[in-house]
Amino acid sequence: MEKYVGYVRTSTGRQVLGLDEQKSRIDQFIQASHDELIDIITEQESGKNNKRIGLDAAINLCTKNGYTLLFTKLDRLSREVEFLFTLRNKGVKLRCIELPELNTLTLGIFGTVAQYERELISSRTKRSLAELKKIKKLGTPKNLTAAARKKGVEAVIQNKAENENWKRAITYIEHFQMKHGYINYTEISKELNDKGYKTRNGCEFSAGTVRRLVC
């Protein structure tokens, strides 16, 4: 009898149904296989972040006790080949419900495909935004000096690159722009707040905050 530790993940706090769906599939797998489920670790964190508290806890359980890490889809774990091979080299046994043929040999193949898909999505999004900005001019505050505007832009760029809340919000904004083909700061801020997104300081979004993120 195999002993499993389940791992389920979504990226935002409002995606409760996604967590429930993953848990349900894990329960169904265990019932069908007649194996033992030791625990299910639940986490709501960006998949781009490989330093996840929940994932680390699941990995530690598996490595210390010889359990197998069970998850529904490869991208719930990671889309980075290097990270997947790091797990393998640590001796972590992996079982993916949607990829029952996943093993030491195929891990590199499936991991490479997952990473390519992520890079392809990112590339398409950036190209679409570049085209959109050609037809949609975004203004800057006229009451600031050139030095003040430069300093503000530098701060925003740094926050975009370093803050996880802002990274998640930027991803949502990019998809909104691709889907609708226009920018409406008020509408986007309302959707972000309704879906539980937070600013880098843990506050709700305003139209001005959204404007700074897309400029």
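1. Rings of Phe, Tyr and Trp (its six-membered ring) are taken as a pair if their centres lie within 6.5 Å; planes under 30 degrees apart count as stacked, over 60 as edge-to-face and the rest as tilted. By this rule there are 2 aromatic pairs.

2. The model is predicted: local features need pLDDT of at least 70, side-chain atom pairs count only at pLDDT 80 or more, and totals for chains, interfaces and linings use all residues. Residues are numbered from 1 along each chain as its sequence is written, and side-chain values use heavy atoms, with hydrogens and water left out.

3. Tyr4 and Phe29 form an edge-to-face pair, because their ring centres are 5.6 Å apart and their planes stand at 85°. The pair links distant parts of the chain, with Tyr4 in strand 1 (residues 3-10) and Phe29 in helix 1, 25 residues apart. Helices (H or I, at least four residues) and strands (E, at least two) are DSSP runs, numbered from the N terminus. Tyr4 is buried at 3% relative accessibility, and Phe29 is buried at 16%. Buried means under 20% relative accessible area, exposed over 50%, and partly exposed in between (1.4 Å probe, protein chains only).

4. The rings of Tyr172 and Tyr197 have centres 5.3 Å apart and planes at 45°, so this pair is tilted. Tyr172 lies in helix 7 (residues 164-180), and Tyr197 in the loop between helix 8 (185-194) and helix 9 (207-214); the pair therefore ties together parts 25 residues apart in sequence. Both Tyr172 and Tyr197 are buried.

5. His34 has a positive phi of about 60°, although it is not a glycine. His34 is found in the loop between helix 1 (16-33) and strand 2 (36-44), and is exposed, with a relative accessible area of 61%.
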